[in-house]
Structure formats: C-alpha cells, structure tokens
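My entries follow the display.

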Amino acid sequence: MPDPRSDRELLAAHVAGQDGAFDEIVRRYAERLWLLAFRTLDHREDAADAVQETFVSALRGAARYRGESEVSTWLYRITMNACLDRIRRRRTRSTEPLAGHDLPTPRDGIDDQLTRLTVADALATLPDGQRLAVVLVDVHGFSITEAARILGVREGTVKSRCARARGRLAGLLGHLRPRHPTSVAGGVPVDREDAGNGRGAGDVQTTRSATRADRTGGGP
C-alpha cells in the first residue's frame, strides 16, 4: 500500500533515520526522473546513470534540504545537473557522434525514429542553458516558473533561453513543419495548440510537433 506521507515528511523521516522512507521517494520518482533524463540525453544507459546519481546525491544530501522548493523540484534540479555533466563530457569526446542513439525498438515507427534522431541532434547543437530550458518547457511541458525553479535561474532567463533555442531549432527543424497547418494531413488533424499564443507560435509548433516523437514510453 502506498505511503500516505508527503514527500517532505518522507525526507524528514529519512533524515531522522527511519528505514524505508527514502525508498518510497525512489518509488515515486524513479520513472519520472528517468523520462526527464532520457528525453534530455537521448540515451537509455546515460539516463539510468543520471537517475542513479540523482538518488545517491539526494540520499547523501537530504540533511541539507531546507524546504525552499518542493522535493520534486529539488530532485529534478539534481537530475538536470547530472544530465548537464554528461552532455559536457560527451562534447569532450570529439570522435563520438553528438548523442548515443538507441536502435529502433519494434514498437517504434521508422518515421518517428528518424524524427527523434533529427530532433536529438538539433537539441545537441544548442548551448547547454538553452537546451535544458527548451527541453523542460517544450518537451516536458513544465511552466516557465517551474523550469526556473528547477534550473535555479530567473523566469526571464528561461523565457529568453527558450526564445533563442526555438529560433535556432526552427531553422534546423523547419522541414518537419506541416505544409498546411490548417488542413488535415494523412487523416490526422495538425496540432494548432500554439497558434496565436504570442510566443513565436510557428517556431514553438515546429519544436513541439517534432519533439513529440521523443515522448515514447519505456523505463530504465
């Protein structure tokens, strides 16, 4: 039966020495953190390593948690920092590709897989700050406020990073944009959720439509 205590209560219980309290936090967040890491790194093993590092860091640093943010935000921030470290290490290995892509699984469509690889390569060209901001907001759907808390920066910084990232991605991924956004393509209505929202609708639509290919399930 799930533990009814809040995340903060569980973390406090762990700090107080109660066995199993931190295990419940792991149970609650392992899959979510893995998805966050996988969509950021585009590599299953690296994502699993980043999540493991997150929980080890959280386990060791629990006593320093002051409750200034939600436990979930605290964990997301540790995960994003772990991902950022891996992105930087990748860039030092000049003989390797931009990202270590997984081979298609049987449930992956070829078109979806190729789109995912294209998006991953495009994201990998972005400066670290822009990449993390746009992944959180446009891939994972966090609000600007939530993303700012996770990244530890101001909301305006997240907005400007996303705007710059979307502009660059629009140029790199423009070929993925539907030709007739008001029509029905292949029997599937084109997504228009960003039309007229005043946030660079065309660029956001291109980025979000493309990155949906990266929203496949699967755990570590």
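I noted that the model is a predicted one. I looked up helix 2 (residues 21–41) and helix 3 (residues 44–61), which pack with axes 8 Å apart at an angle of about 140 degrees. That angle makes helix 2 oblique to helix 3. The crossing of helix 2 past helix 3 is right-handed.

Entry 2, residues in the contact. From helix 2 I listed residues including Phe22, Ile25, Tyr29, Leu33 and Trp34. On the side of helix 3 they meet residues among which are Arg44, Asp46, Val51, Phe55 and Leu59. By class, I have 17 nonpolar, 1 polar and 2 charged residues in this contact.

How many aromatic pairs does the structure hold? I have 4. Phenylalanine 22 and phenylalanine 55 make an edge-to-face pair, with 6.3 Å centre to centre and 90 degrees between the planes. Phenylalanine 22 sits in helix 2 and phenylalanine 55 in helix 3, 33 residues apart. I checked burial as well: phenylalanine 22 and phenylalanine 55 are buried.

Because tyrosine 76 is in helix 4 (residues 71–92) and phenylalanine 142 in the loop between helix 6 (128–139) and helix 7 (144–151), the pair ties together parts 66 residues apart in sequence. Buried or exposed, what is tyrosine 76? Tyrosine 76 is buried, at a relative accessible area of 11%. Phenylalanine 142 is buried, at 17% relative accessible area.

Methods
Residues are numbered from 1 along each chain as its sequence is written. This is a predicted model: local features need pLDDT of at least 70, side-chain atom pairs count only at pLDDT 80 or more; totals for chains, interfaces and linings use all residues. Side-chain values use heavy atoms; hydrogens and water are left out. Axes are lines fitted to C-alpha atoms, for helices over the stretch in contact, and angles run from 0 to 180 degrees between N-to-C directions. Helices (H or I, at least four residues) and strands (E, at least two) are DSSP runs, numbered from the N terminus. Angles under 35 degrees count as roughly parallel, over 145 as roughly antiparallel, 65 to 115 as roughly perpendicular and the rest as oblique. A crossing is left-handed if the near helix is turned anticlockwise from the far one by less than a right angle, and right-handed if clockwise. Contact means heavy atoms within 4.5 Å. Ala, Val, Leu, Ile, Met, Phe, Trp, Tyr, Cys and Pro count as nonpolar, Asp, Glu, Lys and Arg as charged, and the others, Gly among them, as polar. Rings of Phe, Tyr and Trp (its six-membered ring) pair if their centres lie within 6.5 Å; planes under 30 degrees apart count as stacked, over 60 as edge-to-face and the rest as tilted. Buried means under 20% relative accessible area, exposed over 50%, partly exposed in between (1.4 Å probe, protein chains only).
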